[in-house]
Amino acid sequence: MATREKKYVYTFGMGKAEGSADMKELLGGKGANLAEMCRLGLPVPSGLTITTECCVEYFARGMKYPKALKSQVEKAMAKIERDMGMGFGDPKNPLLVSCRSGARKSMPGMMETVLNIGLCSRTIPGLVERTRNERFVYDAYRRLITMYADVVMEKAEGIEPAEGEGIRAKLERIMDDLKKKKGYAFDTDLTTDDLKYLCAAYRKCIFDTLGRQFPDDAEEQLWGGIAAVFKSWNGKRAVAYRNIEGIPHDWGTAVNVQAMVFGNMGENSATGVAFTRNPATGEAKFFGEWLVNAQGEDVVAGIRTPAPLNEATKTDANRSMVSLEKAMPAIYRQLVSIRNRLERHYRDMQDIEFTIQEGKLYMLQTRVGKRTGTAALNMAMDMLAEKLIDEKTAVTRVSPNQLDELLHPIVDPAAEKKVKPVARGLPAGPGGASGQIVFTAAEAVDLARQGRKVILVREETNPEDVEGMRAAVGILTARGGMTSHAALVARGWGKCCVVGASDIHADPKAGVMAAGGREFRRGDMITLNGTKGLVYGEVLPLVDSTENPRFVKFMALVDKHRKLGVRANADTPEDAKAARRFGAEGIGLFRTEHMFYGKGSDQPLFLLRKMILSRTAEERRKALDELFPFMKNDIKATLEAMEGLPVTIRLLDPPLHEFVPQGEEKQKALAESLGISIEDVRKRGEELHEANPMMGHRGVRLGITYPEIAEAQFRAIFEAAGEIIKSGKKCRPEIMIPVTCDVRELKHQKAICDRVYREVCDRLRLKEIPYLYGTMIEIPRAALLADRMAEEAEFFSFGTNDLTQMTFGFSRDDTGSFLPGYLSAKIVAADPFQTLDTEGVGQLVRYGVERGRSVRRDLKVGICGEQGGDPASVAFCHKVGMNYVSCSPYRVPIARLAAAQAAISASKK
Ligand code: PEP
Ligand code: MG
């Protein structure tokens with residue numbers, strides 16, 4: 001029996017479809033949503049989708065199609081022909097098709113498209129006859145030739161000409177020369193004869209440049225288009241974009257072949273792109289752009305600046321343009337009702353593309369629209385109020401990265417009032433940014449690598465610039481609309497971006513930009529206000545943007561749905577206050593040694609040095625006595641700032657070598673204070689030298705060799721806490737022993753702790769000082785023996801900085817020399833010091849939690865390594881049942897959101 005042939009092709013059209021919106025993995029986002037729109041009965045031109053699976057097979061077979069594909073495409077094409085009542089390659093009534101990519105996740109502008117496939121000498125006369133519009137036919141033909149030569153004959157063949165020497169540029173030069181010769185200002189001035197001349201000249205130029213004829217056959221064009229779309233999955237731009245976005249390279253793209261409809265058939269034809277709500281601000285107003293008598297590529301390529309869709313969303317920059325609402329009111333009303341239908345169906349903001357052919361509206365795309373962090377927040381809260389979505393969905397609608405963007409700065413409104421902008425454009429990506437002007441993507445990448453802030457200035461938007469856009473703090477273009485690819489990409493990344501600032505003129509060759517009657521050179525500083533679309537010729541101060549009251553409401557919703565606690569790593573009372581402002585529920589790591597760094601640290605640092613250079617216990621005790629008030633005050637101030645919330649105080653964990661005095665003057669002062677010679681100070685310092693200090697005499701090891709150091713710290717903690725309690729306030733210290741590998745270390749230190757505790761309670765006449773005694777788990781041995789550790793420890797805090805260092809054997813201070821290579825060779829998926837390695841280190845964490853709780857059921861477990869603020873790592877911490885994560889104060893809101901999303905996603909399973 002013949003095995004059933006694999007299905008590579010799915011059709012849609014005439015209110016029916018073989019696919020649906022939930023088949024994105026197989027049909028790509030575009031294909032799945034075209035199918036869904038057909039099912040909804042919306043006007044969609046018929047078409048077919050070739051699956052992503054077919055693309056994967058195509059590459060696996062060394063760029064050969066699976067056998068069954070040809071007959072399946074032919075069958076589907078016959079259906080499209082029937083639906084449309086036209087024939088592909090038919091001389092009398094020719095059907096033209098488009099060929100577009102469509103990956104599982106949208107990659108705007110990163111892959112290729114060919115339009116008007118099917119135009120050739122056999123079909124041109126028939127189309128002229130049917131449309132009675134010879135000019136339109138030759139205009140479509142010259143567009144096909146341009147796109148086909150660029151996409152199929154050059155890019156897909158792997159030809160990489162020098163900048164400005166590509167076939168598209170050459171063909172565009174031929175057109176520009178003709179326009180100049182004839183004195184035309186616009187493409188629309190070209191006559192039929194001009195276009196005929198151009199088509200012939202184009203074909204000759206293609207043959208002369210590429211050594212091959214432009215194919216004069218509909219079938220050949222179709223298969224050339226399909227192959228080129230597949231190949232564009234591995235095009236440079238697409239690969240770079242996937243690397244940045246973390247999209248897997250083995251997904252492949254689908255191909256959509258769809259009957260063409262034309263927005264360029266005259267004044268009653270048009271094309272446009274719209275968002276069901278404003279993607280920059282989130283405002284619940286239908287928002288979009290359109291161009292009369294144009295094909296879709298004209299809008300998204302940013303070549304012509306399009307007009308606004310309606311009156312309500314006009315801005316100062318486009319007020320004089322005619323809206324679709326005014327120009328074609330009936331069509332606009334139909335579009336509004338489709339907008340409402342789509343939002344109700346998808347329950348999310350949609351990004352749609354449409355074409356109007358001689359007064360009839362067609363839908364060409366719908367997908368969930370990319371949006372800024374501000375817009376994501378506003379839409380989530382609005383849609384919740386409109387009862388379009390529930391609370392859990394609202395919480396998942398803002399990504400942790402978008403929240404990060406919300407916490408980012410805006411231009412200080414007070415400073416902004418005092419200056420005048422040098423240019424105005426469209427507010428394409430929010431927030432403020434100041435930086436040096438650069439004119440190419442390469443320069444942007446270069447300077448950003450040197451740590452400079454740059455603003456990428458381009459004449460028009462161009463998806464080839466993706467890496468430069470990523471590297472820049474802001475993007476400014478002279479042309480292009482809100483829906484141009486640059487705007488989409490910038491918005492997706494939450495980057496400050498102003499587009500279509502038509503009053504600037506950039507000349508990259510000369511390295512100058514003219515704006516507001518001034519001339520700016522490469523390297524000059526400017527400021528962008530991406531929320532308003534303004535450009536300033538100077539540096540303006542930026543301020544925090546968290547004053548949005550909706551942010552506060554949203555975060556309350558977030559807290560309602562999360563189970564994991566969120567604390568902060570904070571070492572000073574100021575940090576502690578910031579942590580509370582960001583919603584921390586305690587301090588998960590208070591590194592006591594940080595009192596020896598930075599402001600006000602001179603005296604305690606001097607005393608610490610004195611202590612570590614001491615030879616005898618007596619000397620050491622004396623130094624400790626002097627140091628004691630500093631330690632106690634530091635701890636007390638932080639406990640007070642947290643007003644009764646738990647504070648995990650870690651005993652000293654200083655790599656000793658960092659504290660050895662180096663300068664002559666300091667050594668002299670210490671010698672005097674210790675009553676020894678300067679030589680002795682040097683000698684004692686040298687004795688502290690370690691080959692591998694990160695694994696040396698640090699953490700608990702210090703407390704074991706010098707019990708008096710541990711004793712002083714326990715005393716400082718209990719006295720600080722006791723005094724707070726005596727003053728009638730609350731505090732909850734949690735004492736944490738670092739760098740442990742055996743329960744005997746914990747027992748050794750606990751004996752000292754118990755003794756000091758009793759002494760302090762007696763002295764202060766307190767019955768008790770509530771506290772917890774616990775340990776960090778940051779050495780693999782401690783994780784493996786977690787059950788024993790839990791006999792003594794009332795809590796664990798996973799120190800995943802050291803745990804990662806010791807599990808990988810990667811020195812945490814020296815990864816710069818090899819980790820980038822590991823990342824680009826994909827040996828590790830992410831930097832394990834930023835995102836927890838769930839496969840390896842994660843196993844130790846999971847095992848540690850389980851073993852620990854097997855002995856002590858109520859063992860409190862947290863994480864305080866850097867990964868505690870990373871959303872993916874937070875999700876893992878939720879999964880293994882931790883009680884809390886702890887991260888830097890500024891990441892606390894992100895961790896709160898990530899924790900809520902992890903809880904919601906677990907509740908759905
Ligand atoms: C850790 O090791 O993860 C940790 C938090 O401690 P430190 O970074 O201070 O070594
Ligand atoms: Mg550590």
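I started with Lys729, which forms a salt bridge with Glu640; the closest N and O atoms are 3.9 Å apart. I note that this is a predicted model. The pair links distant parts of the chain, 89 residues apart: Lys729 sits in the loop between helix H27 (707–726) and strand S30 (732–737), and Glu640 in helix H23 (residues 617–641). I looked up accessibility for both and found Lys729 partly exposed at 47% and Glu640 partly exposed at 36%.

I then took the total, which is 59 salt bridges in the structure. I picked two further pairs. Glu283 and Lys285 meet through their side chains at 3.1 Å, N to O. Glu283 is partly exposed, with a relative accessible area of 38%, and Lys285 is partly exposed at 33%. For Arg521 and Glu519 I read a salt bridge of 3.2 Å, N to O. Here Arg521 counts as partly exposed at 44%, while Glu519 is exposed at 54%, since exposed means over 50%.

I also traced a network of salt bridges, which links Glu593, Arg650, Asp653, Arg698, Asp802 and Arg812.

Five strands form an open sheet, ordered S11-S10-S9-S12-S13, with antiparallel pairing. Strands S11 (307–308) and S13 (360–368) stand at the edges with a single partner strand each, so one side of each has no neighbour in the sheet. I checked S9 (residues 270–275) against S10 (residues 287–292) and counted six antiparallel bridges. Phe275 stands opposite Phe287 in S10. Helix H12 (residues 329–346) packs on the sheet, touching S12 (350–357) and S13, and its direction makes about 30° with that of S13.

Last, I looked at Phe214, in the loop between helix H7 (192–210) and helix H8 (218–232). Is Phe214 buried or exposed? I have Phe214 as buried, with a relative accessible area of 2%. Leaving aside neighbours within four places in sequence, its contacts include Tyr141, Leu144, Tyr148, Met153 and Arg203. The C-alpha atoms of Phe214 and Lys204 are 8.9 Å apart, and the two residues are 10 residues apart in sequence.

Note on methods
Residues numbered from 1 in each chain as written. Chains lettered and ligands numbered in written order. Predicted model: local features only at pLDDT ≥ 70, side-chain atom pairs only at ≥ 80, totals over all residues. Heavy atoms only, no water. Pairing = 2+ DSSP bridges. Helix = DSSP H or I, 4+ residues; strand = E, 2+ residues; numbered from the N terminus. Contact = heavy atoms within 4.5 Å. Axes fitted to C-alpha atoms, helices over the stretch in contact; angles between N-to-C directions. Buried < 20%, exposed > 50% of the residue type's maximum accessible area, 1.4 Å probe, protein only. Salt bridge = Lys/Arg side-chain N within 4 Å of Asp/Glu carboxyl O.
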